[in-house]
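Welcome to my notebook. I opened a new structure today and jotted down what I looked up, one entry at a time.

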Amino acid sequence: MTARWERWPVRLAWGIGLFSFVLLVGSLVLLALDWRAIDSPLPAQSLYFLQAPIVGILGVVLSARRPRNPVGWLLLAIGAVGAIYLVADFAAMRGLLSGASPRSWVAWSAWVFNNTGTLGALLLAFVILFFPDGRLLPGRPWRLVAWAVFALIAIAITTSMIGVAPIELSPRLPGVPNPLSVPALDWLTSSNGAGSTIGLLLLLLLVFAAAVARFRRSRGVERSQLRWFAYAAVAALGLMVSGFALPGAGSGGPSDVAWTAGSFGLFVIVPATIGLAIMRHGLYDIDVFISRTLGYGSLAVFITAVYV
């Protein structure tokens, strides 16, 4: 019974990883079919395609080898949510390109796309709070910070679910109405409202403070493991915070540049630094396992290429 109980995290991790991989392949097929609706890397979701293999592989390995550490499961969740996000986005585009009404099933696919994107981005905040040991910083203030982050994330997801603004899939396609919109709460759910802006800024500042505090408290090997992760997280969050003060939001100005650079750092560079800490500094003691896995995988690809 004990052996079976110990195996279930491994099976669950690989099951979620395989599920995410299948959806990712499906989204690539849909992207090829929807290509005439793509006019820039943003509608093509390049950021998510870059992020998916990083968080997916790390999530599977960490969850299977260190199931008690929430970092692996958070990365796995981000990978799964990102895969759903991509499929929902390109499925909705396919519907519009095929002549379906924006108020048909396309609206629900776009709704899933819109909200899974919000959830996946916000889960990264918890990765920063829990990395590397899977525990919050000690002390009651940091527990309150974690609860505040959780509350802000819950509010952001709720407002995204019931927002009135149309969901834009591509500049070349019509906006899709939110099937669960609540017009009476537009003043609260609008992304341009003061409440949403203040909530997002507060969330970024809290996570920024936690990343700085954890790095300053780290010592020895932990500091080496945490160094690049902390640098990347602080730089990415700092760029995103600076976007609030810079001009040109929504018009390709400095504010948008800061947000784009910060998003790339948060979505791609921060997860990549976890892999760097594993391979270079022996974090979680699974660097040998990953090296062997990559070696066996490369050998299998080589043998297949030779014989096929």
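This is a predicted model: local features need pLDDT of at least 70, side-chain atom pairs count only at pLDDT 80 or more; totals for chains, interfaces and linings use all residues.

**Entry 1: two helices side by side.** I started with helix H3 (residues 70-97) and helix H4 (residues 105-130), whose axes come within 8 Å and cross at roughly 160 degrees. Angles over 145 degrees count as roughly antiparallel, so I wrote down H3 as roughly antiparallel to H4. I also noted the hand of the crossing of H3 and H4, which is left-handed. Then I asked how the residues of the contact of H3 with H4 divide. I found 24 nonpolar residues, five polar ones and one charged one.

**Entry 2: the overall picture.** Following the sequence, I read the pattern as α-α-α-α-α-α-α-α-α-α. I also checked burial: of the 308 residues in the protein, 43% are buried.

Entry 3: I looked for aromatic pairs and the structure holds ten of them. I picked out tyrosine 48 and phenylalanine 267, whose ring centres are 5.4 Å apart. Why is this pair edge-to-face? Their planes stand at 70 degrees, and planes over 60 degrees apart count as edge-to-face. I then traced where the two partners sit: tyrosine 48 is in helix H2 (residues 46-65) and phenylalanine 267 is in helix H9 (residues 254-281). The pair links distant parts of the chain, as the two residues are 219 residues apart.

**Entry 4: a charge over a ring.** Which residue lies over the face of phenylalanine 215? I found arginine 223 there, at 4.4 Å from the ring centre.

**Entry 5: one leucine.** I ended on leucine 226, which I located in helix H8 (residues 220-245). Leucine 226 counts as buried, because its relative accessibility is 2%. I also compared leucine 226 with threonine 273: the two are 47 residues apart in sequence, and their C-alpha atoms are 8.7 Å apart in space.

How values were computed:
Residues are numbered from 1 along each chain as its sequence is written. Side-chain values use heavy atoms; hydrogens and water are left out. Rings of Phe, Tyr and Trp (its six-membered ring) pair if their centres lie within 6.5 Å; planes under 30 degrees apart count as stacked, over 60 as edge-to-face and the rest as tilted. Helices (H or I, at least four residues) and strands (E, at least two) are DSSP runs, numbered from the N terminus. A charge sits over a ring if NZ of Lys or CZ of Arg is within 6 Å of the ring centre and within 35 degrees of the ring normal. Axes are lines fitted to C-alpha atoms, for helices over the stretch in contact, and angles run from 0 to 180 degrees between N-to-C directions. Angles under 35 degrees count as roughly parallel, over 145 as roughly antiparallel, 65 to 115 as roughly perpendicular and the rest as oblique. A crossing is left-handed if the near helix is turned anticlockwise from the far one by less than a right angle, and right-handed if clockwise. Ala, Val, Leu, Ile, Met, Phe, Trp, Tyr, Cys and Pro count as nonpolar, Asp, Glu, Lys and Arg as charged, and the others, Gly among them, as polar. Buried means under 20% relative accessible area, exposed over 50%, partly exposed in between (1.4 Å probe, protein chains only).
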